[in-house]
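Please consult the sequence and the structure displayed here while reading.

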Amino acid sequence: MHLLRALPDIFRVSFAGVVAYRAEMVIWILTSTMPLIMLALWNAVVDEAPLMGFGPTEITRYFAATLLVRQLTSSWLLWELNEEIRTGSLSMKLLRPMHPLWVHAADMLAAMPTRMVVLLPMLLALVAWRPELLALPDAWALAVFLPSVFLAWLLGFLVQAAFACLAFWLEQTQGLFALWFGAWMLLSGYLAPLEMFPEAAQPLLGVLPFRGMLAAPVELLTGRATPQTALVDLGVQLGWTVVGFAVVRALWNRGLARYGAYGA
Amino acid sequence: MLEARRTVQALAALIRVSVATAMQYRSNLLFGLATALLVDAMRVAPLLLVYGQREQVAGWELPHALLVTAFFFLLFGVQAAVLEPNLGEAVQAVRSGALDLMLMKPVDAQLLVSLRKVDASSLFPVVSALLVGGVALGMTELPGPVDVLLAVALFGSGVVSLYCLWLLAICVSFWFVRVDNLRFLLWSATDAGRWPIDVFRGPVRWILTAVVPVALITSFPAQALRGAWDVELLGTSAAVSAAFLLGSRWAWRRSLAAYASASS
């Protein structure tokens with residue numbers, strides 16, 4: 001209950017922090033060029049002849065949506081929490097009545113409005129330049145998009161929390177996370193639409209957690225999802241969220257038990 | 001002449017110390033190598049997806065595109081092991097005033113500041129480059145000696161341009177203290193070097209050749225290895241790197257003139 005009462009204030013503080021470092025935020029957003037680089041490659045591929053229903057328009061729309069969803073779902077918890085565990089500044093935060101992870105979650109969510117302010121002009125410019133890109137998805141898809149993109153964000157947050165908790169035991173958590181991130185890039189639809197993978201890989205891609213972290217909301221936004229696939233995706237996302245919560249909880253409690261903070 | 005010899009000796013000594021430092025943490029090194037190889041394998045995967053669907057993309061066949069990727073891994077290694085650590089050191093030196101001491105040494109200050117450290121543990125992509133390059137060369141007929149020599153020269157000229165670009169970032173730090181984000185921007189811009197330059201069009205293609213000269217480092221040498229070089233290619237590479245050399249040297253002089261030390 002502490003949390004609910006404090007949440008608006010946490011949010012306000014976080015938002016002020018984001019506004020204070022707005023230039024930094026803009027640069028962070030500019031660094032996510034990967035979807036555009038991938039777009040160049042795939043555009044060259046589908047330019048000659050459409051592939052799996054992707055022509056130049058569809059592929060551009062796909063990667064524009066990827067750019068948007070990536071911005072809506074990214075967090076930087078791993079680096080912050082790692083630092084806190086390593087330097088021991090976590091001890092101070094543990095004294096507060098709120099769970100540090102919740103505070104971090106509020107922090108990350110507070111950055112969303114700013115991200116939107118930067119992203120929207122970019123997307124509007126894109127649509128002004130190539131109006132054929134704009135195809136509003138069905139109402140049901142838009143409605144499902146909201147929970148889908150939220151679960152995608154939550155999954156990413158939980159994964160980073162889990163890897164950060166490993167810092168209670170290990171020093172190499174960022175190297176381990178690089179491995180996860182490599183797999184994520186490939187299997188989440190960040191580098192290529194998942195339809196481009198061989199037929200045999202599709203069932204596996206559907207049940208792995210990666211699809212729910214990016215491709216599921218992207219497909220809703222680009223009108224490639226059907227009600228059936230959307231429901232399955234939501235179910236898989238929910239399942240992995242439960243697993244994620246359980247893992248983070250276990251790691252956090254055990255980690256704290258052996259956490260002899262430096263100087264604590 | 002004497003100064004040149006001294007500079008080389010000093011740089012060699014600095015690099016020896018860096019490598020010795022990395023060798024102290026052998027298990028870290030092994031872990032780093034394993035993760036780097038796995039992550040790089042996932043970086044190659046999109047190309048395999050693309051060429052699973054097409055024989056040719058923008059005039060490039062799989063082996064030649066793999067050569068571009070191999071040069072990209074080399075670029076990645078150089079950037080992570082040499083360019084990035086030195087930017088950090090240089091910014092620190094400007095901020096703390098340690099630059100005063102470097103300016104007094106009887107060697108070229110620019111080289112001393114910008115090439116004083118090598119992070120040997122970041123050189124793993126070189127291993128990936130050799131693996132991917134080896135596979136690529138195994139898939140085609142071997143290039144002739146002239147082609148190989150030209151490829152080496154083109155790669156070198158590209159690396160020089162990239163070094164100059166990072167030197168410009170160091171120069172910026174004389175005026176603005178926080179250039180941390182510039183680093184991320186440079187990284188994500190150079191990410192575009194992983195594909196053959198012909199998949200990019202219009203102004204982007206021009207930017208990747210002359211402004212963030214990644215095409216010079218990856219596509220151009222690969223072009224030479226497949227025997228498809230011409231005078232225009234060689235001329236472009238020479239002109240761009242000459243312009244970068246002159247421009248960055250000029251910027252360095254200007255920056256030093258504006259440097260007022262941290263203590264005064």
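## Cysteines, salt bridges and interface

A:Cys165 counts as buried, its relative accessibility being 0%; buried here means under 20% relative accessible area, exposed over 50% and partly exposed in between, computed with a 1.4 Å probe on protein chains only. The model is a predicted one, in which local features need pLDDT of at least 70 and side-chain atom pairs count only at pLDDT 80 or more, whereas totals for chains, interfaces and linings use all residues. Residues are numbered from 1 along each chain as its sequence is written, chains are lettered from A in the order in which they are written, and side-chain values use heavy atoms, with hydrogens and water left out.

B:Cys164 is likewise buried, with a relative accessible area of 0%. The closest cysteine sulfur to that of B:Cys164 belongs to B:Cys171 and lies 10.0 Å away, too far for a bond. Over all chains the count of disulfides (pairs of cysteine sulfur atoms within 2.5 Å) is 0.

Attention now turns to charged pairs. Side chains of opposite charge can pair when their charged atoms come close. A salt bridge is taken as a side-chain nitrogen of Lys or Arg within 4 Å of a carboxyl oxygen of Asp or Glu, and the whole structure holds 13 of them over all chains.

| Salt bridge | N to O distance |
|---|---|
| A:Arg224 and A:Glu195 | 2.9 Å |
| B:Asp40 and B:Arg43 | 2.6 Å |
| B:Asp198 and B:Arg205 | 3.1 Å |
| B:Arg54 and A:Glu48 | 3.9 Å |

In the salt bridge of A:Arg224 with A:Glu195, A:Arg224 lies in the loop between α12 (215–221) and α13 (227–257) of chain A, and A:Glu195 in the loop between α10 (173–187) and α11 (202–207), so the pair ties together parts 29 residues apart in sequence. Helices are DSSP runs of H or I with at least four residues, strands are runs of E with at least two, and both are numbered from the N terminus. A:Arg224 is partly exposed at 26% relative accessible area, and A:Glu195 is partly exposed at 24%.

B:Asp40 and B:Arg43 both belong to helix α2 of chain B, where they are 3 residues apart, about one turn of the helix. Both B:Asp40 and B:Arg43 are buried. By contrast, B:Asp198 is partly exposed at 24% relative accessibility, as is B:Arg205 at 35%. In chain A, salt bridges also link A:Arg211, A:Glu219 and A:Asp233 in a network.

What is the extent of the interface between chain B and chain A? In total, 27 residues of chain B are in contact (heavy atoms within 4.5 Å) with 36 residues of chain A. The buried area, which is the accessible area (1.4 Å probe) that two parts lose on being put together, summed over both, is about 2800 Å², and carbon and sulfur atoms give 71% of this. B:Met42, B:Leu49 and B:Arg54 supply 21% of the area that chain B buries against chain A, more than any other three residues.

The interface has 2 salt bridges, and B:Arg54 forms one with A:Glu48 across the two chains. On the side of chain B that touches chain A, α2 (26–53), β1 (56–57) and α8 (180–190) of chain B each supply at least two residues. The most come from α2(B), with 11 residues.
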